[in-house]
Structures are given as C-alpha cells and as structure tokens.
Amino acid sequence: MDHTMMKTAVKRTATKKMTGNMTIGRNIVTAVILVAAILTAGCGKAKELNADDVSARLLSDITYTDELSEIDLETVQMLFYLDDAQITKAKIYESGGATAEEIAVFECASPEDADKVMTAMQTRVEEQKESFRDYVPEELLKLDAAVLVKNGNIVVLSVSGDAEAARKIIEGK
C-alpha cells in the first residue's frame, strides 16, 4: 500500500469513528432529554386550588376550639390592609377572639396581587403573635404552626390546632 492509500484509509477510519462517536453523543443527549421529560412530567404544574372547596374543607374537616364566623371581604380588606390587592373572591372565617384560629382563602386577579396578599397574611400572623403573646400565650403554638400557602392566584392561611391536616387539605391530599 502506498503512502496516499494509507492516508485515505486512516482518514476513512477516523471519519467513521468520529461519525460513530457523534451518533453516540447525539443518542446520549436524546436519552438525557427524554429522561428529563419523563421525570418532570409528573412534577408539572401544582394542582390548582379552588377557593370555595379549600375553605369549606378547612372549616368542616378540622376541629376548632372556638366557633369560626365568616366575615365579609370589605371588613377583611380593612383588617388585613389589603386595599391595594385586587381580590376576586375571598372566604374568611375568624374566631370570636378567644383563640387565634382562622381560615383565610383569597383568589386574586393576578400572581402579583397574590404576592401582596401573601405579604399581608405574613404580617397578620406576626401581629397576631404579638396580640396573643400576653393575652393567651397558648395560642402561640397555633400561630407558630400557621399554614400559609400561595398557589398561582390563590393564597390560603390556616391557623388551627392541626396544621398537618390543614396542609394536607390545601395540598389536595
């Protein structure tokens, strides 16, 4: 075999190896993408919350020490400083004042409005801690375990003696 034929044979072998390696590389990339797609398919979007269903279940499925009464949105907006958030629907239940127990479920016009409500609810929990610290210190356990969740345009606050059950209801379990 002369020198030119030898070079051609080496080039062909190298090209076959490169093409084979590129194919293997493409196959690996494709496999990684498929695995990622399969793994994230189950993670998809979080389950959409329904304000009416969540508030009804929190009210009926959890035992409260105090009787909870529904309050209207106008009162809620004043109590919770929500004037600048666009709230399309709200279900709020408060105790008579002897306990810190409450349910607050807000459906907002946008995720930005839900962020405002979330901040207001965090403030609400902190203010309630201050109020109950000297008044009924036992209620601090409930406030420390308050469940506060934002899911899309919905914000849910649950203060009860059974935070685990509240979280399961909110998560749809």
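Helices (H or I, at least four residues) and strands (E, at least two) are DSSP runs, numbered from the N terminus. The model is predicted: local features need pLDDT of at least 70, side-chain atom pairs count only at pLDDT 80 or more, and totals for chains, interfaces and linings use all residues. Residues are numbered from 1 along each chain as its sequence is written, and side-chain values use heavy atoms, with hydrogens and water left out.

**The whole chain**

Start with the cartoon view. The chain has 6 helices and 5 strands. Trace the sequence and the order reads α-α-β-α-β-β-α-α-β-β-α. Of the 173 residues, 34% are buried (under 20% relative accessible area; exposed is over 50%, partly exposed in between; 1.4 Å probe, protein chains only).

**Stop 1: Ser 160**

Select Ser 160, in the loop between E5 and H6. Ser 160 counts as buried, at 4% relative accessibility. Its side chain reaches the backbone nitrogen of Asp 162 at 3.1 Å. Now show the neighbours in contact (heavy atoms within 4.5 Å). Leaving out residues up to four places away in sequence, Ser 160 touches Ile 62, Tyr 64, Glu 101 and Lys 142.

**Stop 2: helix H2**

Select residues 51-61, helix H2. Which residues of H2 are buried? They are Ala 51, Val 54, Ser 55 and Leu 58. These residues lie on the same side of H2, because they cover an arc of only 95° around the axis (taken from the directions from the helix axis to the C-beta atoms). They pack against strands E2 (87-94), E3 (102-108) and E5 (154-159), and against helix H6 (163-170). Look at the start of H2 too. There, a side-chain oxygen of Asn 50 comes to within 3.0 Å of the backbone nitrogen of Asp 52.

**Stop 3: aromatic pairs**

Rings of Phe, Tyr and Trp (its six-membered ring) pair if their centres lie within 6.5 Å; planes under 30 degrees apart are stacked, over 60 edge-to-face, and the rest tilted. The count comes to 2 aromatic pairs. Select Phe 80 and Phe 106: this pair is edge-to-face, at 6.5 Å centre to centre and 70° between the planes. Phe 80 sits in the loop between helix H3 (73-79) and E2, while Phe 106 is in strand E3, 26 residues apart. Phe 80 is buried at 2% relative accessible area, and Phe 106 is buried at 0%.

Next, select Phe 132 and Tyr 135. Their pair is tilted: 5.7 Å centre to centre, 50° between the planes. Both lie in helix H4 (residues 111-135), about one turn of the helix apart.

**Stop 4: salt bridges**

A salt bridge puts a side-chain nitrogen of Lys or Arg within 4 Å of a carboxyl oxygen of Asp or Glu. The whole structure has 13 salt bridges. Select Lys 129, which is buried at 15% relative accessibility. Lys 129 meets Glu 126 in a salt bridge (3.4 Å, N to O). Lys 129 also meets Asp 144 in a salt bridge (3.2 Å, N to O). Asp 144 lies in helix H5 (residues 140-144) and Lys 129 in helix H4, so this pair ties together parts that are 15 residues apart in sequence.

Lys 168 and Glu 164 form a salt bridge (3.5 Å, N to O). Glu 164 is exposed, at 56%, and Lys 168 is partly exposed, at 41%.

Finish with Glu 94, Glu 102 and Arg 124, which are linked in a network of salt bridges.

Notes
Polar contact = N/O pair within 3.5 Å; in protein donor to acceptor, adjacent residues only side chain to side chain.
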